[in-house]
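Q: Could you show me how to read accessibility, contacts and record annotations in a model like this one?

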Amino acid sequence: MSPSDWKLTAEQRSLLIKSAFEAKEGSYSPYSKFPVGAALLAPDGKIVKGANIENASYGGTICAERTAVVKAASEGIRSFIGVSVVTDLTTPASPCGICRQVLREFCALETPVLLVPSDYPQKEQKKGYGEGGVRETTLGELLPDSFGPEHLGKPSPSA
Ligand code: THU
């Protein structure tokens, strides 16, 4: 696929953004009080949402992105063409390192990742940010020189 094949349509983009906000509603974050929502778009148009789920034993916490991946993968959805993440911060936050690696299992490096500000759509265009204040990046940009299934002789993740 060429890079332009990975471009999300306006419809896919707004669905991913809306779904990340909906996902954030499901956050269980009484300890950090830092709700996060994530959404994954499958090639057939299905959306899978996830929120961060914390635990009194803090290490048991699972991030929003991984909740979404695990929900999807356990239902047999194992390929994604778009990812979105939203927090309560007006400056979009970026997935943690573990979530980047987990996404890497099921997403091509070209997969667009939309990092959404809490006050989306922002009226003023900030330098370095796209439409509505969304930072649009790719998994490959977030996780350069990464290790993945192909290094163990398994097919590389692609749509
Ligand atoms: N969190 C996520 O859900 N995703 C990330 O990529 C970073 C952090 C959650 C974990 C914890 O519940 C809270 O945010 C504060 O770290």
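Q: Is Ile53 buried, exposed or partly exposed?

A: Buried means under 20% relative accessible area, exposed over 50%, and partly exposed in between, with a 1.4 Å probe and protein chains only. Ile53 is partly exposed because its relative accessible area is 33%. This is a predicted model, in which local features need pLDDT of at least 70, side-chain atom pairs count only at pLDDT 80 or more, and totals for chains, interfaces and linings use all residues. Residues are numbered from 1 along each chain as its sequence is written, and side-chain values use heavy atoms, with hydrogens and water left out.

Q: Which residues is Ile53 in contact with, leaving aside neighbours within four places in sequence?

A: Contact means heavy atoms within 4.5 Å. On that basis, and with those neighbours set aside, Ile53 is in contact with Gly26, Tyr28, Gly60, Thr61, Ile62 and Thr67.

Q: Which residues does UniProt list for "binding site" together with Cys63?

A: UniProt positions are given in the numbering used here, feature names are shortened, and annotations may be inferred rather than shown by experiment. The unreviewed UniProt entry lists Cys96 and Cys99 along with Cys63; although they are spread over 37 residues of sequence, they cluster in space, with a largest C-alpha distance of 8.4 Å.

Q: Is Cys99 buried or exposed, and what does Cys99 touch beyond four places in sequence?

A: Cys99 is buried, since its relative accessible area is 1%. Not counting residues up to four places away in sequence, Cys99 touches Cys63, Glu65 and Arg66, while Cys63, counted likewise, touches Ala51, Asn52, Cys96 and Cys99.
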